[in-house]
Amino acid sequence: MRRSAWRLAMGFVLAAKVAFAAVVPGVSFEQRVGETLPLDAEFRDTDGNLRPLGAWFRDRPVVLWFGYARCPQLCSVVSDGMVSALRPLQASAGIDFDVLMITIDPAETAAEARASRAEAVGHYGRESAGRGWHYLTGGEAAIREVTAAAGFHFIYDPRSRQYAHPSGLLVLTPQGRISSYFPGLDFAPKALASAIDRAGSGGIGEKTADLLIACFRGDGISGRYGKIIWRTLGVAVGLTVVALGAGIGGMLWSERRARRPGGEGGAP
């Protein structure tokens with residue numbers, strides 16, 4: 001009964017995800033474990049220095065995420081979730097691993113990048129982060145090249161001047177190979193610590209549960225797909241809530257039944 005309820009719940013969640021993807025073509029987080037990022041693509045640091053991406057891959061694993069400073073919703077949530085997951089770890093940014101943020105907005109300024117970096121480093125609260133926490137800006141071609149290699153697919157709405165994009169983290173080896181994915185907004189510290197350790201030794205992990213959470217401001221979507229997108233998102237959220245409720249309810253009912261005398265798992 002537990003397995004059946006859980007499968008039903010996951011089926012609804014998958015249906016919601018498929019429905020969303022069908023009306024927002026181009027937004028997905030494809031897990032390309034084992035692939036190497038194009039380390040020759042050029043980006044600028046917060047001081048304006050232009051260097052190849054490989055310059056930020058040294059002898060340590062890298063925690064990478066994509067977003068943009070003007071994001072109205074999820075980017076700050078992803079950043080906060082990442083910092084909250086990294087703070088309890090014994091390993092430290094700038095010593096045992098590096099953190100790399102790459103903007104998806106080619107119009108982002110150095111001042112915006114510095115402000116975003118300073119906020120995250122301050123939240124993290126360790127002195128070592130200053131030398132291992134980087135925020136990169138770049139041109140359209142470089143951004144598209146790296147995000148495509150990472151499986152991070154997003155679209156731009158020129159009317160609202162916003163991006164619809166997925167959320168999550170990647171953990172990479174010192175050589176720039178993708179070792180692990182952490183899709184979503186909330187990241188388990190122990191799992192992230194294990195992924196960093198594995199990537200540090202050059203190990204490649206397995207694909208994780210596929211979860212698509214897309215960022216796009218509701219009143220900003222316009223044009224051909226605007227109404228359809230948000231109607232579908234409303235249905236998707238509703239289906240997810242119903243699915244999770246059904247799964248949890250089914251498991252609780254099964255446990256209560258098993259505890260009854262003569263029931264499954266109960267006394268004979």
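1. Two strands are taken to pair if DSSP finds at least two bridges between them. The model is a predicted one, and in it strand E4 (residues 62–67) runs antiparallel to E10, to which three bridges join it. Valine 62 has leucine 172 as its bridge partner in E10.

2. On its other pairing, E10 is joined by five bridges to strand E11 (residues 178–183), again in an antiparallel arrangement, with leucine 170 standing opposite tyrosine 181. E10 and E11 form a hairpin with five residues between them, and in the turn glycine 176 has a positive phi of about 90°.

3. Strand E10 (residues 168–172) is mostly covered, since five of its five residues are buried. Gly168, Leu170 and Leu172 point one way from the strand, whereas Leu169 and Val171 point the other way, and burial applies to both sets.

4. Histidine 134 belongs to strand E6 (residues 133–136) and is buried, with a relative accessible area of 16%, against a cut-off of under 20%. Beyond its neighbours within four places in sequence, histidine 134 is in contact with Trp56, Arg58, Asp98, Val99, Leu100, Met101 and Arg117. Tryptophan 56 is 78 residues away in sequence, yet its C-alpha is 8.2 Å from that of histidine 134.

5. Two of these contact residues, Arg58 and Asp98, form a salt bridge whose closest N and O atoms are 2.8 Å apart. Arginine 58 lies in the loop between strand E3 (50–52) and E4, and aspartate 98 in strand E5 (residues 98–103), so the pair ties together parts that are 40 residues apart in sequence. Arginine 58 is partly exposed at 41% relative accessible area, whereas aspartate 98 is buried at 1%. Arg58, Arg60 and Asp98 are linked in a network of salt bridges.

6. The count of salt bridges comes to six. Among them is the one between arginine 70 and glutamate 112 (2.8 Å, N to O), a pair that links distant parts of the chain, with arginine 70 in the loop between E4 and H2 and glutamate 112 in helix H3, 42 residues apart. Aspartate 45 and arginine 51 form another, with their closest N and O atoms 3.9 Å apart; aspartate 45 is buried at 12% relative accessibility, while arginine 51 is partly exposed at 33%.

7. The second largest pocket holds about 300 Å³ of space. Helix H2 (74–86), helix H3 (110–124) and E6 each give two or more residues to its lining, which divides into 10 nonpolar, five polar and three charged residues. Of the 18 lining residues, Trp65, Ser76, Ser79, Ser116 and Glu119 lie nearest the centre of the pocket.

Notes: Residues are numbered from 1 along each chain as its sequence is written. This is a predicted model: local features need pLDDT of at least 70, side-chain atom pairs count only at pLDDT 80 or more; totals for chains, interfaces and linings use all residues. Side-chain values use heavy atoms; hydrogens and water are left out. Helices (H or I, at least four residues) and strands (E, at least two) are DSSP runs, numbered from the N terminus. Buried means under 20% relative accessible area, exposed over 50%, partly exposed in between (1.4 Å probe, protein chains only). Contact means heavy atoms within 4.5 Å. On a 1 Å grid over the protein atoms alone, a cavity is a set of points where a 1.4 Å probe fits but cannot get out, and a pocket is an open set with protein on both sides within 12 Å along at least five of seven lines; lining residues have an atom within 4 Å of a point. Grid points are joined across faces, edges and corners, and a volume is the space filled by probe spheres set on the points. Ala, Val, Leu, Ile, Met, Phe, Trp, Tyr, Cys and Pro count as nonpolar, Asp, Glu, Lys and Arg as charged, and the others, Gly among them, as polar. A salt bridge is a side-chain nitrogen of Lys or Arg within 4 Å of a carboxyl oxygen of Asp or Glu.
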